[in-house]
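Open the model in your viewer and keep the sequence panel beside it. The stops below are given in the order in which to select them.

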Amino acid sequence: MPYSDSPEKMKNVTPSTSNSLAGIVGTAVVLALLYFGRDVLIPITLAILLSFLVAPMIRAMRKIGIGQTASVWVAVMLLSLGIAAAGTVIGSQLVKLASSMPEYEETIRDKLATMRELGNTQFDSLTSHAGKVMNELNKSPTDNRTQQDKMQNAVNNNPEAPVLVEIQEPALRPLQLLQKIMASVWPPIEMAGIVLMVLIFVLMEHESLRDRLIRLIGSNDLRATTIAVNDAGERLSRFFISQFAVNFAVGFLVFAGLWAIGLPHAILFGTLAGILRFVPYVGVWLAALFATVLAAAIDPGWSLAIMAFVTFFSIEMIVAQLVEPQLYGHSTGLSPLSVVIAAIFWSWVWGPVGLVVSTPLTLCLVVAGRYVPALQILEILFGEVRALTLAQNFYQRALSGDATEIIAAARAYMKRKSFASYCDSVLMPALHLAGHDLEEGKINPEEKLRLGMAVGTVIESLDGKTHTWKKAEHATFLQDMSLGRHLRAQREKLTGSRQGSFDVPPGSVVLCVGLGEAGNELATEILVRVLRHHNIDARHISLADCASPPPGAKAESVSVVCVVSTSPVKEEKQSALLLADVKLRLLNAHRVLVQLPSPYESSHLSLSQLQFNEENVDTANSYESTLAICLEHLHLETPLH
């Protein structure tokens, strides 16, 4: 029975293992196709990327009444003329630069000698090789004739002396020279021709290709897929046009700057700067290096080289830091590390062409991952999106006890939005995450202590305090009481046990009371600090304080009473009883039920069903809405956040 143990072996192959093997095999196949099929894929990829650049031009011509075919041919011709012009400029300037190099020989020798005198002996070898090259370049036919005459005279004077015979290759015939030139220039010409041909067909069948893509991605929901494809195409077109315009402007500014300081061949380096800037991070600096080296070879001093580098540096800094963020955002939508990795990968697979197209090609993949569920991993890996939400990041840092980083991120957030918004969007969701893990028993006592200290440090720091909680000072305190009561006790050290004087104008105090649990106590203390942040006399009281108010407290001084619940469904009856009790004790106070539910609270009720239709009762679902209600009843100005 040769197959008797096959079923047993098959039991060991789990579905996850099979999926992993399939993923590895699929990745290997894709890499092999990219590498071995580069001669076919590179022209197609370049054509598709260029189509995003040319498509808006075609749409503009279509709007003024030019037909589809004519628009495509006009756009392709303009693109071809632009590429040919750039190639002509670079080629002609390189020829002129090569012919003028002997003029700079003396300057190069002097600077190399200066470097050698300074002790840099590493330039000795370079000098010798450069000298040999310069001598060979500067040899004239007269020198060759003189050497031949000397050899002939030596033979005549001593017929028996050995004769040195110099074997020279026969001169190339015109046809052979033409073949040699064509062999070197034909590959790029062939590539350009294929790209333009594919580009024409892509533009001609633009609508058909879009319909095929829509059907391939999601024929079940044509509306959503159409919107996604159109949005992706427009985003990519805007980015490519913006990048092309910026690089063209950089090239022109570099040309103008180098021409102004008197550097020869300025148009060459301006063109190189505009083209090489498509290479992420290093492209423009390569052009700057070439220009600086040429300036050093021309000028006996170093002023021209310094001015050339400063020209590049100034233009690049202004464009990268001021222009690009305003034009198409601070970045390409790709994380900086992914840009570098993409450049390495695509240059390995497709060579120099891959290096140039790495950023736009990776951007296309990220945009595809944004709309195609199967490719979502690409957006996560390469896109400039947060791996964790702000709340998750807060919780993760708090578990590690890293309050400093949380505070820095919070202050950056609060430059754009309010303290109340931060508590709604970041702090409370993070506390709900912590509460869920505490209920599940996933947090040990040491982590709980570290978490409480970090959260306490953050809350007090954002409330204007600058000290950091010390473990020795607060470990016992946190173990004996909840974090909310601990924060209240810390605040009462400054404001007094009554949290302020009772000798205040009528209707100026806001009382905040939690429903007893530790989560409610903390949420209530946060609410008090949010209200005090806007100069509201808010005070945190417990359920026991409601039963026996402190001596000297006046009912008419209270304007609003906020009842805070972090589990509104579970605490619905308790909330109703407390609100009714507040109505009996404080007849003129406006009551607000602050519901801050956890996303992990399972219930068949929605917050809209947890309303209290009594007089003078509002329901708030966030700190910002609670703040707005209190400001309205206190007749204060609503903050502009």
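This is a predicted model: local features need pLDDT of at least 70, side-chain atom pairs count only at pLDDT 80 or more; totals for chains, interfaces and linings use all residues.

Residues are numbered from 1 along each chain as its sequence is written, and side-chain values use heavy atoms, with hydrogens and water left out.

**Stop 1: the helix pair**

Select residues 419-439, helix H19, and residues 445-462, helix H20. Helices (H or I, at least four residues) and strands (E, at least two) are DSSP runs numbered from the N terminus. Axes are lines fitted to C-alpha atoms, for helices over the stretch in contact, and angles run from 0 to 180 degrees between N-to-C directions. H19 and H20 are therefore roughly antiparallel (an angle over 145 degrees).

Now show the side chains in contact (heavy atoms within 4.5 Å). From H19 these are Phe419, Tyr422, Leu427, Leu431, Ala434 and Leu438, and they meet Lys448, Leu451, Val455, Ile459 and Leu462 of H20. By class, 10 are nonpolar, none is polar and one is charged. Nonpolar covers Ala, Val, Leu, Ile, Met, Phe, Trp, Tyr, Cys and Pro; charged covers Asp, Glu, Lys and Arg; the others, Gly among them, are polar.

**Stop 2: helix H22**

Select residues 483-495. The 13 residues of H22 should span 18 Å at 1.5 Å a residue, and the end C-alpha atoms are 18 Å apart, which agrees; the expected span is 1.5 Å times one less than the number of residues. Colour by burial (buried is under 20% relative accessible area, exposed over 50%, partly exposed in between, with a 1.4 Å probe and protein chains only). Buried residues of H22 include Leu483, His486, Leu487 and Arg491. Ala489, also in H22, counts as partly exposed because its relative accessibility is 22%. After the helix comes Gly496, with a positive phi near 95°.

**Stop 3: the sheet**

Show the five strands of the open sheet, in the order E2-E1-E3-E4-E5 with parallel pairing. Two strands pair if DSSP finds at least two bridges between them. E2 (537-541) and E5 (617-620) are at the edges with a single partner strand each, so one side of each has no neighbour in the sheet. Neighbouring strands are turned by 25° against each other on average, direction ignored.

Zoom in on E3 (residues 558-565) and E4 (residues 590-595), which are joined by six bridges; Val560 has His590 in E4 as its bridge partner.

Technical notes:
Angles under 35 degrees count as roughly parallel, over 145 as roughly antiparallel, 65 to 115 as roughly perpendicular and the rest as oblique.
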